[in-house]
Protein chains: 2
Amino acid sequence: MKLGYLGPEGSYSYIAAKLYSKSNILVGKPSFYDIIDGVENGELDYAILPIENSTEGAVTLVMDALLKTKSSKILGELTITVKHLLLGIGNNIGDLKYILSHPQALDQCRQFLRENYPHVQLITCSSSSEACSIAKEKGVEYGAIANQYAGELNKLNIILSDLQDNEFNQTRFVVIGRSAEGPTGNDKTSIALYLKDDSPGSLFKVLKIFSEHSINLTRIESRPAKAEIGKYVFYIDFIGHITEEKISEVLKKIEEYSNYIKIFGSYPKGEIK
Amino acid sequence: MKLGYLGPEGSYSYIAAKLYSKSNILVGKPSFYDIIDGVENGELDYAILPIENSTEGAVTLVMDALLKTKSSKILGELTITVKHLLLGIGNNIGDLKYILSHPQALDQCRQFLRENYPHVQLITCSSSSEACSIAKEKGVEYGAIANQYAGELNKLNIILSDLQDNEFNQTRFVVIGRSAEGPTGNDKTSIALYLKDDSPGSLFKVLKIFSEHSINLTRIESRPAKAEIGKYVFYIDFIGHITEEKISEVLKKIEEYSNYIKIFGSYPKGEIK
């Protein structure tokens, strides 16, 4: 089976893909859009996508892109602990004029970099592993923020360790595919809601339904509805499987308050690795 | 009075600062942290900060930074409609190899750029106006995404107009200062909550209190609590002024469920310009 991830080899998504399943063929793609397209058009069987980080919050590009999927569902999740290294072909941090990485990785180290290296220019790349290959090519003035695996792959030195601002730096990934997963007894469901009465106050009515049915929520996130300020889409994760009667009752009641409900899928509650 | 903004001159923050008040001395600062520090240490009387955009959502750096303020309060808000232009010293989009801007501006044009110019490398700068001055200096291979004002200031040509992915592209700014604003009868209040029972489900209990007191919410946003996955801080904006009895009653009841409540301030409901 082919499992897509945000490549190239050595990215955090690559590490998550390896931890998720050892028996798949891993296929690196250059962007989240290409990954989702690959699942939708059948080129990939599955894909793994970062959805939230404990320092930086929602991976908004992935959340927005998932809203537009047609045939793919969330089948699983996995949380990994992320440690950022500063890598380069040199050994001396004083030589660095540019630090490259994926925007989320730069954000996760922003305070550290700002306090210690305010004059180093930050440059975003499409992945932290791409940052490593650029740093290798360009020389001692260029550093990359990435993981140990990407450093070894590109034969880079570790200039500094544990750059992340937050010691609990975890990233949660979801796995998408075209089939649905049956209940395991320890499941989560992810949905998004466009409410009829388009205000955060009406979110209360929806949360009340969950509360009345004793369904525990694990995440609520608002994203702009891509209209004027004050219009939102709410993403809700909760405990339970879509095939349970209690859950289908709740979803029926929520429909009354919603213009549209997107069901991303039900999947076994994941581990932290 | 000195009003701080994310400079240099010509940035979207600069436009918002000019629209907010014509009688202030505008002081450009290189980062959100420097702006907030300036208000906290008395160098600035006020500052204007972008807080959410209708395409990209929360300006998370500002939201996280506001959580750490000591003496400053939100005194006002202003929403502006943002139109992005592609600017450069040349006229031909075919010459461009690099497009520079602030990460939020790049994000707001991402789909357009990906579909039309997938081979152009995107480079982030600390502001869209800095992007203009770099594009001017570096030549025809460099374009900048910014507003018309920044283009005129740097004598750049408009290569393309209306790049933003979302036709309703609005940014909401807040104004911070060290004094509190009295009630006007048409006010909003912004707070952040660290709930005791640290789950999105307990958010329901808090929303119930607002609902029972007929207080309308205008925004709910979750941000990671900078701990492991699943721990959140909730940002809530609602209609009313902190000096109203109804509001202080609600805040007292919410305290029961919270480890910590940060009150950002009460301020007159702002216009859209």
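In which loop of chain B is His84(B) found? In this predicted model, His84(B) sits in the loop that runs between strand 5 (73-81) and strand 6 (85-88) of chain B. Once its neighbours within four places in sequence are left aside, the residues in contact with His84(B) are Ala105(B), Gln108(B), Cys109(B), Ile145(B), Leu163(B) and Gln164(B). A further relation across the sequence is that of His84(B) with Gln148(B), for these two are 64 residues apart in sequence, while their C-alpha atoms are 8.2 Å apart in space.

In chain A, the domain assignment gives domain 1 as 2-82 + 169-177, domain 2 as 85-160 and domain 3 as 187-268. The C-alpha centres of domain 1 of chain A and domain 2 of chain A are 23 Å apart, and the contact between these two domains brings 15 residues of domain 1 together with 14 residues of domain 2. On the side of domain 1 of chain A that touches domain 2 of chain A, six residues are nonpolar, seven are polar and two are charged.

Helix 1 (residues 12-20) of chain A is itself mostly covered, with seven of its nine residues buried, and the buried residues are Tyr12(A), Ser13(A), Tyr14(A), Ile15(A), Ala16(A), Ala17(A) and Tyr20(A). The loop between strand 1 and helix 1 of chain A holds Pro8(A), and the peptide bond that leads from Gly7(A) to Pro8(A) is cis, with omega near 5°. In chain B, the peptide bond from Gly7(B) to Pro8(B) is likewise cis, with omega near 5°, and Pro8(B) is placed in the loop between strand 1 (2-6) and helix 1 (12-20) of chain B.

Further along chain A, strand 7 has two parallel partners to consider. Strand 7 (residues 98-101) of chain A pairs with strand 8 of chain A in the parallel sense over four bridges, and here Ser101(A) has Thr124(A) of strand 8 as its bridge partner. Strand 7 of chain A also runs parallel to strand 9 (residues 142-146) of chain A, to which three bridges join it, with Leu100(A) standing opposite Ala144(A) in strand 9.

Two loop residues of chain B deserve a look for their backbone angles. Lys155(B), which is not a glycine, has a positive phi of about 55°, and it lies in the loop between helix 7 (148-153) and strand 10 (157-160) of chain B.

The last step is to see how the two chains meet. The contact takes 39 residues from chain A and 39 residues from chain B. On the side of chain A that touches chain B, the elements that give two or more residues are strand 8 (121-124), strand 11 (170-177), helix 8 (200-212) and strand 13 (217-224) of chain A. Strand 13 of chain A gives the most, with eight residues, and by class this side of chain A divides into 14 nonpolar, 15 polar and ten charged residues.

How do the copies relate to one another? Chain A is superposed on chain B by a rotation of 180° with 0.0 Å of shift along its axis, at an RMSD of 0.0 Å, and that is the relation of a two-fold axis. The same surface serves both copies, since 100% of the contact residues of chain A recur in chain B.

Technical notes: Residues numbered from 1 in each chain as written. Chains lettered and ligands numbered in written order. Predicted model: local features only at pLDDT ≥ 70, side-chain atom pairs only at ≥ 80, totals over all residues. Contact = placed C-beta atoms within 7 Å. Nonpolar A, V, L, I, M, F, W, Y, C, P; charged D, E, K, R; others polar. Least-squares fit on C-alpha atoms with pLDDT ≥ 70 in both. Domains from an automatic or database assignment. Buried ≥ 20, exposed ≤ 12 C-beta atoms within 10 Å, placed from the backbone. Pairing = 2+ DSSP bridges.
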